[in-house]
Amino acid sequence: MSAKVDITFTVNGAVKQVSVPANMSALDMLRDQLDLKGAKEACGEGECGACTIIIDDTSVCSCLMYAADCDGRTIETIEGVQTEDGLDPIQQAFVEHGAVQCGYCTPGMVMQAKHMLNKNPNPTEGEIQRGLEGNVCRCTGYRKIIDAVAEVARS
Amino acid sequence: MDQIVEKPDTLIGKPIPKPDAPDKVVGKTTYINDMVLPRMLIAKIKRTDRVHAKILSVDISAAEKVPGIVAIATAENSPKGLIGVLKDNPPLKGDKVRCIRDEIAGVAGETEEAVDEALKLIKVEYEDLPGVFDPEEALKDDAPLIHDDKPGNLSLTFDFEHGDISKAEKDSDIVLEEKYELHYVTHTCMGPGCVIADFDTHGKLTIYTQTQYPYNYKMDLAPALDISAGDIRVIQPPVGGAFGSKLDVYPFEPIAVYLAKKARRPVKLFFSREEEFIASPTRQPARVYIKQGAKKDGTITFRDVNVYLNNGGYTSWGATIPAVMMRTMTGHFRIPNVEFHSKAVYTNNPFAGSFRGYGNVQATYVTATLMDKMAEELGMDPIEFRLKNAQKPGERTPQNSLLKTAALADCIKIGAEKTNFLEKHAANVAAREKPGRIRQGIGIATSIHNAGGAKIHKSDGCGTILTMDDYGRATVITGASEIGQGIDAVITQLVSEELGIPTSDVIIANNDSAIGPWDVGVHASRTTFIAGNAARNAAVKAKQQILAAAARQSNVSIDKLDLRGGHVVQKDNGVSVTKLDRLLRQMHFAGDDAELVMVSEYYEPPSELEDKNHVGDISAAYSHGAYITELEIDTLTGGVKLHKMTCVQDVGKVINKLGIEGQMEGGIAQGIGYGLSEELIIEEGIVKNPNFRDYKVVTAPEMPEIECHFIEDDEETGPFGAKGISELPCIIPGASIANAVYNAIGVRFDNPPITPEKIVRALHGDKIEAAE
Ligand code: FES
Ligand code: FES
């Protein structure tokens, strides 16, 4: 058992205080300690993007990040994207464009798309493709995901 | 005032979002990997590190003492039943290991840390045995024997003969003889392997699994467990993809059950990504020797095919792919004389299972590139040669597939026309002679696949129960599984179309074998066709019952009534006779005459099993496709950039536009991976690249533009005319790319994937050798 570290951070607008093993990943903390199971572990080694979250204003593979390094930071996970008014435009576009099949990649894709549009609200198709490069989807062939993101960028 | 209900537009062919998509985009869907049951234990597998060895001893004494360890299963303390297509695979190995993925023990504990610790402490002593890794080597008399009861290391063989190939060879003007080496690829489902087993106090098992064939699964799992298949309840939580990988029982599933039984607690066993690469089934690799002849005028005279399948250590569905390979090798182009022989041979490699497209990905890579080679040899263009030999509607293949609506020629013609194929093809060939670093290529490939189910089991049927509640909602209990492919949307659409209710008023229940009726599972592009027919027929029955009640009540004859917009209406003028929900309540609460709308349908397609000679019309319908790839190659780096894939496919009828396009695009991405980048590298039985960094699946930047042209010829036996569609998109791209690569640089690759390295070596081999 590795030593515990006490950390405080904001996740989806709420302040959390938790005690985590020093070697725990941010992803395991979210899934196992905070019961935020939207982010998935599909590789655990930074190669697939299924675990993507937004920290401060960058998107990260939460499987590669230590939970302890979340201390003092602001995290947004897929669970925080939907508002009281309904789905976020990106989420809505994913639904309407058929960008979701099994959906296992979807939380990571949505977070990455959101991050990309935060940085660059008017991406070209090529920029969208490159922006999603780190996120593997085995079902959709990406076309509909690209279309969904492009539509949100247009509107 | 009469209420008029306008006839709504048909839902058939419209883009309907998957009903489960909203939950998935907000991260709310609980996948099997996310599930936690009360008092659930975590489990993992101790695997061997040898490829072929006698097990001398397995010592779990130190592992058992790790705090938090609750149960350890080994061959010695577990049931002895076997799994796999030939029942040659003990879930836990006690006497010997035959490949690197072999399971020695299962460990269940309170925490993952405890389990990891215990795994390290299990000691296994081996005596190594010589290994064999090549199927033709393994057939030799002096090859090491992998299973004592499998002489010659032979697993399954398939043989088909039609006509007289030696006479046809003599009568041929040209004969081509080729050898292909088709590689290992794997599914890489985004949701890694996972299973949860739980017994109740009666000794009945509930298993939460990723399976895509829940009903046969019970039958295949039971022999490993010493319990009756009837005592197994299969629950299918949402999964992160399957693509054929979950059509068999694999060792980790019974192992979880052994542990749950020992612990008397629920046990969840799951894979890491590395394990997923090493210990999941692969696509079946194949070595294919093929000879094909033709007359000068381009008429194909014969084919002679010999296939060696590297079976690996055990037999799963991979060994049966010839059943599908053969249909493409013997048909869709007219092959008057043909022989097909295949041997699946045990080796010490990991073993293959089924994978979207089955043997047809391999068969199409071979046949579609061979067609191109032969066209060139004959001095014909690739379109003309194909059209000359394309089977026509009404023809039968040598295996007796009846091509009722064969659209092959149409697919080829439309594809060629839309892409200006011949002009570009000729220009690219001419450009090869000129200087320049970047080369353009265009290539075509075609195939055929079953599109009305495939009768490989005694039943190819699907059961459906449809009930209506008092509020006009329909619940459809279907045997069909949802693994992300979108049958939920298709059934919703078909049922709401028949019953005139909004799609949001259809509820699908399909993930519990204790509730749902029989289905053969998601495979063979069968679900839209078979489960779609079952659901639609059930809806028609429900509609008849509702309209009969409305007719009695309103004195309008039943044939003048219809369901529309939540009302029963008069067909001709749309005047509402009654509201559907009100009528349902009246029917339900009618005292002695009470009736509930609750119907069932069992749909078995009109198809036949093959006879022992592999002759039989196994599918109610067949579908053709022609895919054209346009690409460019950087001859310096070997980089291939795909510009566009134009796909013409005979789909019968589009049901869900979003779903069909999604299946096309997703299949194409996997097909591109097969052709260009994916290869599970296995050397002397060891998987060398078990991670996404070294196993290169297609990502967003590599996807070309995709243009689909659907030929809708209304299959008479399909639901609203639909055929099954979702394997051809994965089957054809690899071959189409290979032909485009040849068009660009004049080099053939009979050993996909066509990686930059292979291209560079082919183009600059002499220089590279000099440098090396
Ligand atoms: S799970 Fe983090 S990148 Fe794959
Ligand atoms: S939808 Fe299945 S992995 Fe993307």
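Colleague: At about how many degrees to β23(B) does helix α15 of chain B run?

Modeller: This is a predicted model in which local features need pLDDT of at least 70, side-chain atom pairs count only at pLDDT 80 or more, and totals for chains, interfaces and linings use all residues. Residues are numbered from 1 along each chain as its sequence is written, and side-chain values use heavy atoms, with hydrogens and water left out. Helix α15 (residues 527-554), a DSSP run of H or I with at least four residues, lies across β17, β18 and β23 of chain B, contact meaning heavy atoms within 4.5 Å. With axes fitted to C-alpha atoms and angles running from 0 to 180 degrees between N-to-C directions, the helix runs to β23(B) at about 145 degrees.

Colleague: Which residue of β23(B) stands opposite B:Cys462?

Modeller: Strands (E, at least two residues) pair if DSSP finds at least two bridges between them, and six bridges join β17 (residues 462-468) to the antiparallel β23(B). Opposite B:Cys462 stands B:Tyr603.

Colleague: Which side chains meet in a salt bridge at 3.8 Å, N to O?

Modeller: Domain assignment, automatic or from a database, divides chain A into domain 1 (4-79) and domain 2 (89-154), and the count between these two domains is one salt bridge. The term requires a side-chain nitrogen of Lys or Arg within 4 Å of a carboxyl oxygen of Asp or Glu, and the side chains that meet are those of A:Lys119 and A:Asp57.

Conventions
Chains lettered and ligands numbered in written order.
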